[in-house]
Amino acid sequence: MTQLLDDAEGGVRYWPSFVDAATADAWFEALQGAEWKSQRRMMYDREVDVPRLVASYWLDGLPPDCPLPLPGMLARVQAQVPAPFNAAGMNLYRDGRDSVAMHHDTLHMLVPGQPIALVSLGDARRMRIRSQACHREAVDVALAHGSLLAMSHASQLTHEHGIPKTARPMGPRMSVVFRVRPPR
Ligand SMILES: O=C(O)CCC(=O)C(=O)O
């Protein structure tokens, strides 16, 4: 485990080999069947495509015959990062042109004190994590196939994170982000 940032709630921690390659391959394959959607959002006065596909699931609402590996993934994640995760947000980066801009997670959609756990599958992409107060204070981590990144709730108040575009040839990558959402 690598401690990337420190704070009173565990900071940001990274496990490069959270699961073995065969498990990560199987999860990646099975998650192709998720309900991936493209989204549009307003940028200044124009509507633009969100540069990645997304899917989201409530973990307590999964049908018993759900073909997605989310229940097994959740159990593995909770063994490493104990928390009552109840939602999974997923991102699919089709190639190096897909990205997510620097941001912190939407605070009113998170239960304070609870961590965020992010499983990466597919080609490794670089995540940048930087201080909101001082953009030069930044760490980069290449999120490997089968890795886990845990971010404290506190880190969302002090830092932002993003996946920049890259010109390097890049195959697809998925992230599955486990969060504790307030009750619906
Ligand atoms: O894909 C990633 O690793 C980052 C995803 C992310 O920042 C988000 O879903 O808020």
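## Around His135

Strands here are DSSP runs of at least two residues, numbered from the N terminus. In this predicted model, His135 sits in the loop that runs between strand E8 (125-131) and strand E9 (138-143). How open is that spot? His135 has a relative accessibility of 43%, so it counts as partly exposed.

If you set aside the neighbours within four places in sequence, His135 is in contact with Arg130 and Glu160. Glu160 is 25 residues away along the chain, and its C-alpha atom is 9.3 Å from that of His135. The side chains of His135 and Glu160 are joined by a polar contact of 3.3 Å.

## The buried side of helix H2

Next up is helix H2, which spans residues 70-80. Leu70, Met73, Leu74 and Val77 are its residues to look at here, and they are buried. They sit on the same side of H2, because the arc they cover around the axis is only 100°.

What lies over these buried residues? The cover includes helix H1 (21-31) along with several strands: E4 (46-58), E5 (87-93), E7 (116-122), E10 (147-151) and E12 (173-179).

The salt bridges come to nine by count. One of them links Arg128 and Asp140, with their closest N and O atoms 2.8 Å apart. Arg128 belongs to strand E8 and Asp140 to strand E9, so this pair ties together parts that are 12 residues apart in sequence.

Are these two partners buried or partly exposed? Arg128 has a relative accessible area of 29%, which makes it partly exposed. Asp140 comes in at 38% relative accessibility, so it is partly exposed as well.

## Salt bridges: a network at Arg40

There's also a network of salt bridges that links Arg40, Glu47 and Asp49. Arg40 takes part in a bridge to Glu47, where the closest N and O atoms are 3.4 Å apart. Arg40 also meets the side chain of Asp49 in a salt bridge, this time at 2.9 Å from N to O.

As for how open these residues are, Arg40 is partly exposed, with 47% relative accessibility. Glu47 is partly exposed too, at 47%. Asp49 has a relative accessible area of 52%. The cut-off for exposed is over 50%, so Asp49 counts as exposed.

Notes
Residues numbered from 1 in each chain as written. Predicted model: local features only at pLDDT ≥ 70, side-chain atom pairs only at ≥ 80, totals over all residues. Heavy atoms only, no water. Helix = DSSP H or I, 4+ residues; strand = E, 2+ residues; numbered from the N terminus. Buried < 20%, exposed > 50% of the residue type's maximum accessible area, 1.4 Å probe, protein only. Contact = heavy atoms within 4.5 Å. Polar contact = N/O pair within 3.5 Å; in protein donor to acceptor, adjacent residues only side chain to side chain. Arc of directions from axis to C-beta. Salt bridge = Lys/Arg side-chain N within 4 Å of Asp/Glu carboxyl O.
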